[in-house]
Amino acid sequence: MSWVSLIFHQHYQFDMAFNKREKIKDLLSGDFLDTQVSIMGWVRTKRSNKNVSFIAMNDGSTIKNFQVVADPNQIDDDVLKKCTTGACLKITGKVVASQGAGQQAELLAASIEILGEADPEKYPLQPKKHSLEFLREIAHLRVRTNTFGAVFRVRHALAYAVHKYFNDKGFFYIHTPIITASDAEGAGETFKVTTLDLKNPPLDEAGKIDYKQDFFERETNLTVSGQLEGELAAMGLADIYTFGPTFRAENSNTTRHLAEFWMIEPEMAFYDAEDNQDLAEDFLKYVISYALENCMDDLEFLDKRAEEEESTKKADQRSEMGLIERLKFVVENKFERLTYTEAIDILRNSNPNKKKKFQYLIEGWGADLQSEHERFLVEKHFKKPVILTDYPKDIKAFYMRQNEDGKTVAAMDILFPGIGEIVGGSQREERLDKLTKRMEEMDIPAEEMWWYLDTRRFGSTPHAGFGLGFERMVLFVTGMGNIRDVIAFPRTPGHAEF
């Protein structure tokens, strides 16, 4: 037997043995009546009377459970006693028409195998409502709940939609480095990477840490963005995108910040600022539409969850739209486009600003907009998503293309209801003289960025790009209120569990 035949034979044998199972999602959507099947999953609930036990099973493939009917005369009593909430079971039986309301079919158990027990006295996820704070403490188990099962299925669908969108448009996926010597944003909030002995680091003649003796022979950190390397790739491949982990050592405990998160960053040669805006709007609408078309069961559940959460807030703090309504609102409306200067005029003359209801009052041009200002523009003034352009250069990064007025740059931020900024981008500064002068003004050493400047020395061209924090997108689409609840294992100040 050839090695190819052997591998095929082994795979076939394995498939026919333990893993011959039907997913609950398929059972609910297909025609399996009067068919003998095996399912595997976890017990959500069990209720019993003298004649029969009803076991609600879930295998993660869908938010919906599948009811199993177990006859005590058919299934050993010791086995049924172990079918407690959280236990993992393999159940084989016949699919029949359901006798009760709620689902069309159910499974008559012929045999039940306990794959993993769950002591009901110790298992923390009992059939009751648990707070999100409590579930964060047991993040290794929370994916078994309806809420987090829904969130992570939606997250998967969104990630797939991102790759599909760019692939279908002819973009190339570039893996940019996680370890880097640059700080793309220039904020200095980076995690250091070193193999030096922290208790006794080597020192140079000036008494400073001698990074020449470190692994990379220079100071390095975890990346805050793949943008700069993405620009290098775009200068040969034209249309590229990155989708990878990024890290910010910002000591923030807000509901919108993580220390480790994922960024989507397309970079396009031969794009100007308007092209960039067009692509970003089309991309956001596509990804959200994909979720609406493929995740409706989960979104309907999350919509109801969000509605219950909204009902606990004060009337003036409640969202005017439900979750699904909000998603359709973004997809169906053309984004409003205006300059930063126009936005400042609107905000300065707004009632919240005049009545001093904004926490950060807008007094004049040059102010860095806060979430409350962004949400006012989207939710109250325009009542649609907003693209703000042409920000003051002093509040934006060095690589953004300078406008002819000498005061602003060709930047853009896209603002969404309920969340504020979701995308930030710009046309990049392709003119070597302008870029080097701006780097001097911001104390960014040109000698350390020689490779970046080379793209302006050799065959430079107008180009643009943007960044989307993936967790912010998942936050928006799922309607969750805390960004820690849309990533499986959140990394925040003081928390690196699991």
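Q: Where does Lys383 lie?
A: Lys383 sits in the loop between helix H12 (371–382) and strand S13 (386–392). Helices (H or I, at least four residues) and strands (E, at least two) are DSSP runs, numbered from the N terminus. The model is predicted, so local features need pLDDT of at least 70 and side-chain atom pairs 80 or more, while totals for chains, interfaces and linings use all residues. Residues are numbered from 1 along each chain as its sequence is written, and side-chain values use heavy atoms, leaving out hydrogens and water.

Q: Why is Lys383 called partly exposed?
A: Buried means under 20% relative accessible area, exposed over 50%, and partly exposed in between (1.4 Å probe, protein chains only). Lys383 has 46% relative accessibility, so it counts as partly exposed. Its phi is near 55°, a positive value in a residue other than glycine.

Q: Which loop holds Glu217, and what is its phi?
A: Glu217 is in the loop between strand S8 (192–193) and strand S9 (220–222). Its phi is near 60°, positive in a residue other than glycine.

Q: What makes Arg305 count as buried?
A: Arg305 has 12% relative accessibility, so it counts as buried. It lies in helix H8 (residues 296–310). Contact means heavy atoms within 4.5 Å. Leaving aside neighbours within four places in sequence, Arg305 touches Leu132, Thr147, Gly479, Met480 and Gly481.

Q: How do you know that the buried residues of H13 line one face?
A: In H13 (residues 432–441), the buried residues are Leu435, Arg438 and Met439. Seen down the axis, they fall within an arc of 100°, so they line one face of the helix. The arc is that of the directions from the helix axis to the C-beta atoms. An α-helix has 3.6 residues a turn, so residues three or four places apart point the same way.

Q: What lies on the face of H13 turned away from its buried side, and what covers the buried residues?
A: The face turned away carries the exposed residues Asp433, Lys437 and Glu440. Helix H14 (450–457) is included in what covers the buried ones. Just after H13, Asp443 takes a positive phi of about 55°.

Q: Why is H10 called roughly perpendicular to H12?
A: The axes of H10 (residues 340–348) and H12 cross at roughly 75° and come within 11 Å. Axes are lines fitted to C-alpha atoms, for helices over the stretch in contact, and angles run from 0 to 180 degrees between N-to-C directions. Angles under 35 degrees count as roughly parallel, over 145 as roughly antiparallel, 65 to 115 as roughly perpendicular and the rest as oblique. H10 is therefore roughly perpendicular to H12.

Q: Which residues in H10 and H12 meet?
A: Ala343, Ile346 and Leu347 in H10 meet His373, Phe376, Leu377, His381 and Phe382 in H12. By class, the contact has six nonpolar, two polar and no charged residues. Ala, Val, Leu, Ile, Met, Phe, Trp, Tyr, Cys and Pro count as nonpolar, Asp, Glu, Lys and Arg as charged, and the others, Gly among them, as polar.

Q: What makes S1 and S4 a pair?
A: Two strands pair if DSSP finds at least two bridges between them. Seven bridges join S1 (residues 36–48) to S4 (residues 88–97), so they pair, running antiparallel. Trp42 has Cys88 as its bridge partner in S4 and Asn58 in S2.

Q: In what order do the five strands close into a barrel?
A: The order is S1-S2-S3-S5-S4, with mixed pairing. The twist averages 55° from one strand to the next.
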